[in-house]
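Q: Can you walk me through the metal sites in this one? Keep it short, please.

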Amino acid sequence: MSVAVVPNFVRARDADTAEAARLWAAIDQPRLRDLGWDHDRHVLIVARDHPLMGWKTCEVQGCDKKKGTAREPLCQGCRKRWHQSGRPPLDEFFHMPKPSWRSIGVKPCEVPGCERPWRTVRIRLCAAHWWQQRQSGQSLTAFLARTDLVALGALGPCLATACYRDRVGQMPYCNSHDQRLRVARRADPDLDVGMWRATVSEVVVRGEVSFRGLHPRVVGEVLFGIQDRLTRGMATREELLRQLCIQARASGAATLDIFCIGVCV
Ligand SMILES: [Zn+2]
Ligand SMILES: [Zn+2]
Ligand SMILES: [Zn+2]
C-alpha cells in the first residue's frame, strides 16, 4: 500500500483559505482533541491503545516499539538483538533487560525544575548541567543530590519547521536536526538552509505526527479525512499518515486529492 500524494502546486489563494475554513467547520473539535490533536503545536499524538489508530508493542519488557506484524512478537530492533544473542527461547528473551540507549525519546533534564531537554537517555542532563557534572567529577546520583543546582530556562524551539522539540545549546536546532543539517551540508555545500528548515521532516516518534509547516487547507483535508475514516470504523496507519504529511510539506502542496486519504492510507 502506498501514499499517493497529488500535490497541487498553486500558492495559497483565497479559495484555499475558504476551503480550509469550510473543512475546519466540518471537523468535530472535541473529538479531534480526544484523538490527541494539539492545536497549539499542530501535532497529533495518538494513544497506543486507540482502537483504530493504536498499535501493538513489542513484547520485550521495557520496549515500547511497534511489533513488525500482528503475529511477530518483537520489534525490528529486538528481533536483531535476539539473533545477535544466539536466539534464546523467546519467553526468556522477553524478560532480558533491553539496552536503554536505544530509546529516541527526549525528556527534560533531571535537575529539578530545569526546562532544557536531556542530551541522551544515558546522560539524563541538559548540555549545561552535563558540563557541570563532568567538571565536578561526581556520579549522576551524587550530582543530582546537590542542593546548589540552578534550574535553567528553555532555550526556545528548534528552527526546523516540522519540529516541536527545544534547542539544546547555542545552535538553533534540537540535537537531531543539528546533526541532520551537518549531514545535509556535507552532501550539498550550497544547501539552501531556509528551504531545508521549511521542508525537513520531524524526528519520528511512535504515535506522533507533525502537521507543522503544512498549508492550512492540507491540515484540514488530512484531519477531515481521519475523522471520516474513524466514523466509518476504518483503521489509519500512523506511519502512512506521517509520510503523507512529510510529502505534502516537502512539495509545498496547497491542497491534496482528498480521495487519496480515503483510498490509500
Ligand atoms: Zn522491542
Ligand atoms: Zn538542566
Ligand atoms: Zn528539531
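Q: What arrangement do the four donor atoms around the zinc ion (ligand 1) make?
A: Bear in mind that this is a predicted model. The arrangement is tetrahedral, because the four donor atoms around the zinc ion (ligand 1) subtend angles of 101 to 117 degrees. The cut-off for tetrahedral is all angles between 85 and 135 degrees.

Q: Which residues coordinate the zinc ion (ligand 1)?
A: Cys58, Cys63, Cys75 and Cys78, each through SG, at 2.3 to 2.4 Å. Along the chain, these donors follow the spacing C-x4-C-x11-C-x2-C.

Q: Is Cys58 buried or exposed?
A: Buried, with a relative accessible area of 4%. Cys63 counts as buried too, at 6% relative accessibility.

Q: Next, the zinc ion (ligand 3). What coordinates it?
A: Cys158 (SG), Cys163 (SG), Cys174 (SG) and His177 (ND1), at 2.1 to 2.3 Å. The spacing of the donors is C-x4-C-x10-C-x2-H.

Q: Where do Cys158 and Cys174 lie?
A: Both are in the loop between α6 (140-145) and α7, so the pair ties together parts that are 16 residues apart in sequence. Cys158 and Cys174 are both buried.

Q: And what angles do the donor atoms around the zinc ion (ligand 3) subtend?
A: They subtend 100 to 118 degrees, which makes this arrangement tetrahedral.

Q: Switching to α7. Which residues are buried there?
A: Asn175, His177, Asp178, Leu181 and Ala184. What covers them includes α8 (193-199).

Q: How far apart are the end C-alpha atoms of α7?
A: They are 19 Å apart. At 1.5 Å a residue, the 13 residues (175-187) should span 18 Å, so the two agree.

Note on methods:
Residues numbered from 1 in each chain as written. Chains lettered and ligands numbered in written order. Predicted model: local features only at pLDDT ≥ 70, side-chain atom pairs only at ≥ 80, totals over all residues. Heavy atoms only, no water. Helix = DSSP H or I, 4+ residues; strand = E, 2+ residues; numbered from the N terminus. Expected span 1.5 Å × (residues − 1). Buried < 20%, exposed > 50% of the residue type's maximum accessible area, 1.4 Å probe, protein only. Contact = heavy atoms within 4.5 Å. Donors = N, O, S within 2.8 Å, 3.2 Å for Na, K, Ca; no water. Tetrahedral: all angles 85-135°; square planar, octahedral: opposite > 155°, others 65-115°.
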